[in-house]
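I opened the notebook to go through this model piece by piece. What would I find if I went from the whole chain down to single strands and helices?

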Amino acid sequence: MNLRSSIVVAFLLPLGVLTTFIFMYYFGVDANIVALSGIAIAIGVMTDVGIVDVENIIRHMEMPGNHNLKGKPLRQLIYNATTQVRTAVIIGIGTTILSFLPVFAMEAAEGKLFKPLAFTKTFAILASLLLGFVVLPTLAYFIFSIRSNTKRIYQIWNISLIVAGILIPLIWGVFPLFFLALIGVNNLLEHKWKEKYKRLPEFINQGIVILFALYYLIVEWLPLGPQNHFIVNFLFVVLIIGFVLSLLSLMVKYYEPVLRWCLSNKFKFLAIPLFTTLFGIFVWLGFNSMFGFIAIGSEKIGWNIRETSVWQGISESFPGMGKEFMPALNEGSFLLMPTSMPHSGVEKNIDYVKMLDVRLANIPEVDLAVGKWGRVNSALDPANIQMFENIINYKPEYVLDHDGHRKRFKTDGSGNFVLKDGSFYNPDKDGFKKIDTAILIHDDNGEYYRQWRPQIRKPDDIWKEIIKVTQLPGLTSAPKLQPIETRLIMLSTGMRAPMGIKVYGPDLETIEKTGIEIEKQLKSIPSVEASSVFAERSVGSPYLLINIKREQIARYGLTIKDIQNIIQSAIGGMELTKTVEGRERYGVRIRYARELRTTPDDLVKILIPTMSGIQVPLGELASIDYQVGPQMIRSENTFLTGYVIFDKKPGLAEVDVVNQADDFLKSKIETGELVIPKGVTYHFAGNYEQQLRATKRLSIVIPISLLLIFLLLYFQFKTVTASFIHFSGVIVAFGGGFILLWLYGQGWFMNFSIAGVNMRDLFQMHPINLSVAVWVGFISLFGLATNDGVIMGTYIHQVFEERKPTTVEEVREAVVDAGKKRVRPAMMTAAVIIIALLPVLTSTGKGADVMVPIAIPTIGGMIIQLMTMYVVPVFQAIWRERSLKNDGKKIESHIEID
């Protein structure tokens with residue numbers, strides 16, 4: 001029966017996904033990484049519809065008198081079972097959809113990124129609800145109507161499974177489908193089991209199906225990496241999934257005694273979710289934010305408590321969650337943008353480009369490095385000759401095929417890679433070598449080839465190598481950037497760094513002087529990467545001024561225009577005509593050869609023809625002088641502008657670094673160490689501004705969304721108390737999400753290794769900052785957290801309406817009976833959500849940088865939200881018991897009056 005119910009629930013998933021694609025087609029939603037991630041997030045809710053319906057159908061079928069029903073009685077049973085939970089399912093789906101309204105309200109970059117996710121998740125949920133109405137009851141009727149009473153039909157069916165399980169692997173090579181033959185053999189031998197082992201064949205079939213599913217999961221996942229054998233990965237996955245399912249099964253098994261204890265010790269139990277919620281808020285806001293009022297009060301009486309070791313220790317342990325705008329998407333490439341000094345010449349800058357290309361190409365992990373200096377002939381590229389752009393494509397960790405899958409290569413029995421020339425190569429024994437992968441021999445049964453050195457574990461390590469080899473005298477460092485990311489930052493802020501300061505002033509000299517002073521101060525801030533701080537030198541570029549002597553040119557009958565035309569054609573170049581080469585057009589320019597116009601001494605020798613035919617050197621008609629001038633002039637809001645760019649140290653949050661830098665500069669201004677001239681102002685810019693804007697909007701739309709969820713619950717349950725009881729799951733889950741985010745930043749959490757892989761590295765555990773992606777994870781969590789509480793609470797209401805308990809004992813019994821009927825589907829839903837998101841936590845490919853922050857609060861909240869299975873019944877019992885007591889007091893008062 002369990003296998004049949006699993007087939008019903010699992011069959012709805014592909015149908016739901018296909019229906020989602022239909023919605024995406026008609027609503028014009030592109031199938032990008034983030035959009036497909038919305039479907040992955042919605043898997044838990046999609047299965048929830050089927051799990052709740054099928055579980056209730058099974059529960060009705062297990063009742064006395066409902067065994068082996070067929071035909072119309074079975075149809076009526078399915079109708080009654082599905083309609084009984086239909087209201088709860090609709091309300092749960094409604095809360096999930098309402099919870100995603102803040103994502104639809106996002107704007108700018110975050111709106112373009114996450115709105116497809118919100119659309120696809122909503123489409124997937126609506127598709128599952130529609131299929132739950134139409135397909136599920138019909139499918140359940142056909143599946144549960146199948147009877148194997150006819151021995152001949154039963155034998156033919158199982159023999160067919162055996163034949164298919166043998167022929168399909170042999171003909172098409174799909175060897176995992178051999179499990180069909182195993183199921184057929186197991187069914188044919190079912191009659192040989194003793195009576196007490198009658199249900200064992202059913203469990204064997206379930207195990208075979210689970211192993212089949214695990215095989216494909218592990219092939220695509222390989223959590224411990226391809227360097228570990230498939231069996232090791234298989235055992236690890238079985239361990240994780242078994243651990244999750246065992247815990248949830250224990251909750252189902254011991255749910256009743258634990259719930260009875262909670263009902264007998266209500267306030268002791270409620271202290272647990274209360275502490276969880278408060279601790280989640282505590283790690284979110286930080287110790288100083290929550291208890292800063294104590295320090296302010298102590299300072300008024302002359303006791304500076306902030307300076308004590310206890311206060312500082314707790315503040316360092318619980319500083320609060322850092323803030324950033326958006327985690328950077330992994331593009332598979334870097335963009336190195338250093339700058340040279342303004343006085344560096346063309347030849348020196350060309351040498352810089354050549355040296356950068358050579359040094360970058362020598363990094364073994366770098367696949368391609370192309371440098372650009374200056375600007376192209378386009379008005380859309382306002383770069384000066386001191387700016388460099390080096391696009392660096394690095395190799396994937398393992399050799400991939402055209403579809404992005406890891407390729408296997410031939411090895412001998414000792415683990416040596418066999419090369420086409422007959423030689424062997426073993427990275428472990430021979431050391432890392434930069435070899436051409438074309439000399440490896442492809443073999444589907446071979447081993448994966450790793451292209452990174454052993455000490456390079458992630459892309460950040462490659463960036464460190466890039467910075468190490470590009471430290472050249474006269475060349476500044478650069479913040480960590482990627483090509484697409486940089487273009488977006490430059491379009492939105494104008495700067496070539498995610499963080500920076502815009503300095504406004506009356507003239508460029510004052511702006512440059514102020515920027516240099518700010519640069520000196522920023523380098524001394526601990527959270528700022530000192531090597532990345534750079535203030536633009538606005539007026540440091542040398543210029544050659546050719547001052548025409550009017551009296552001298554008048555003696556030769558020349559005009560200023562005559563002299564300028566010669567200067568333009570001889571030095572700058574003048575286009576005479578165009579040459580046509582097919583569809584291409586090239587300008588033909590005339591000017592002196594480079595060796596005749598390189599230095600000022602060469603320029604004074606340029607001959608100027610006169611009306612009399614005499615050619616006069618330019619040095620007699622004009623003077624040539626050096627003068628310092630601006631290399632680029634910027635203006636914003638009618639003010640001349642200069643930039644000071646910087647980057648944060650790894651592991652820190654952008655907003656926190658900006659706030660620290662702002663406070664530091666203000667303190668220096670107050671002490672007089674930093675002097676800002678009159679007429680000069682500055683403000684921080686970059687992703688910091690984007691984060692403030694996004695946070696401001698989310699701080700409005702998220703409360704509105706939660707209020708709408710509460711109102712939906714109120715319309716269903718008609719009372720504020722009942723609505724709050726079912727809304728409590730959101731509050732508890734909110735705390736759970738922040739607790740897991742906090743644990744991710746603790747070095748001791750999950751700090752152990754399995755098969756040579758550290759679990760913190762596997763699950764990408766590091767300090768997680770509050771970004772828009774994290775808040776999207778919380779938004780997703782809000783709907784899921786309300787869903788289980790609504791399903792539990794709805795059935796409790798139905799039980800109370802049926803039984804109408806009149807004593808405290810009857811109230812508790814009703815709560816326990818209702819809870820037992822709903823704990824199993826709730827645990828199954830939680831298991832599906834947690835297991836479905838586990839591969840996301842370990843993913844490292846494209847889009848993982850955004851998906852991991854979304855998944856963390858969802859998993860953390862769902863784990864803690866399991867307490868809702870106890871919190872909702874306990875709150876219901878408190879409410880109902882107080883209602884009985886109040887009714888009793890009213891009756892006693894009426895008797896006394898009479």
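This is a predicted model: local features need pLDDT of at least 70, side-chain atom pairs count only at pLDDT 80 or more; totals for chains, interfaces and linings use all residues.

**Entry 1. The whole chain.**
I looked up the overall content. The chain holds 30 helices and 20 strands. Its C-alpha trace spans about 125 × 85 × 50 Å along the principal axes. Of its 898 residues, 47% count as buried. I then checked contacts between residues at least 6 apart in sequence. Of these, 72% join residues at least 24 apart.

**Entry 2. Strand β17.**
I stayed with β17, residues 639–646. Six of its eight residues are buried, so the strand is largely enclosed by the rest of the structure. I went through its partners in turn.

- β8 (residues 499–505) pairs with β17 in the antiparallel sense, over seven bridges. Glycine 505 has leucine 640 of β17 as its bridge partner.
- Glutamate 636 is bridged to phenylalanine 639 of β17.

β16 and β17 form a hairpin with two residues between them. Asparagine 637, in that turn, has a positive phi of about 55 degrees.

**Entry 3. A three-stranded sheet.**
In what order do the three strands of the open sheet lie? I read β1-β3-β2, with antiparallel pairing. The edge strands are β1 (333–336) and β2 (366–373), each pairing on one side only. Neighbouring strands are turned by 15 degrees against each other on average, direction ignored.

I followed one pair in detail. β1 and β3 (residues 388–394) share four bridges in the antiparallel sense. Leucine 335 has isoleucine 391 in β3 as its bridge partner.

Two helices on this sheet went into the notes. Helix α14 (residues 346–361) packs on the sheet and touches β1, β2 and β3. Its direction makes about 170 degrees with that of β2. Helix α16 (residues 459–469) also packs on the sheet, touching β1 and β3. The direction of α16 makes about 30 degrees with that of β1.

**Entry 4. Helix α2 against helix α27.**
Two packed helices are described by the angle between their axes and the distance between the axes. I looked up both values for α2 (residues 33–61) and α27 (residues 772–803). The angle is about 10 degrees, and the axes are 10 Å apart. Angles under 35 degrees count as roughly parallel. α2 and α27 are therefore roughly parallel to each other.

I listed the contact. α2 brings Ile41, Val45, Asp48, Val52 and Arg59. α27 brings Ser780, Leu784, Asn787, Asp788, Ile791 and Tyr795. By class, the contact residues are six nonpolar, two polar and three charged.

**Entry 5. Methionine 869.**
I picked out methionine 869, which sits in helix α30 (residues 868–897). Is it buried or exposed? At 1% relative accessibility, methionine 869 counts as buried. Leaving out residues up to four places away in sequence, it touches Tyr255, Asp788, Met792, Arg822, Val823, Ala826 and Met827. I checked one of these for distance. Methionine 827 is 42 residues away along the chain, and the two C-alpha atoms are separated by 9.1 Å.

Pro483, Glu485, Thr486, Ile489 and Thr493 are its buried residues. Ile484, Leu488 and Leu491 are exposed, on the face turned away from the buried side. Glycine 494 follows α17 and has a positive phi, near 90 degrees.

Last, I looked at α7 (residues 179–188). This helix is mostly covered, with seven of its 10 residues buried. They are Phe179, Leu180, Ala181, Ile183, Gly184, Asn186 and Asn187.

Methods: Residues are numbered from 1 along each chain as its sequence is written. Side-chain values use heavy atoms; hydrogens and water are left out. Axes are lines fitted to C-alpha atoms, for helices over the stretch in contact, and angles run from 0 to 180 degrees between N-to-C directions. Angles under 35 degrees count as roughly parallel, over 145 as roughly antiparallel, 65 to 115 as roughly perpendicular and the rest as oblique. Contact means heavy atoms within 4.5 Å. Ala, Val, Leu, Ile, Met, Phe, Trp, Tyr, Cys and Pro count as nonpolar, Asp, Glu, Lys and Arg as charged, and the others, Gly among them, as polar. Two strands pair if DSSP finds at least two bridges between them. Buried means under 20% relative accessible area, exposed over 50%, partly exposed in between (1.4 Å probe, protein chains only).
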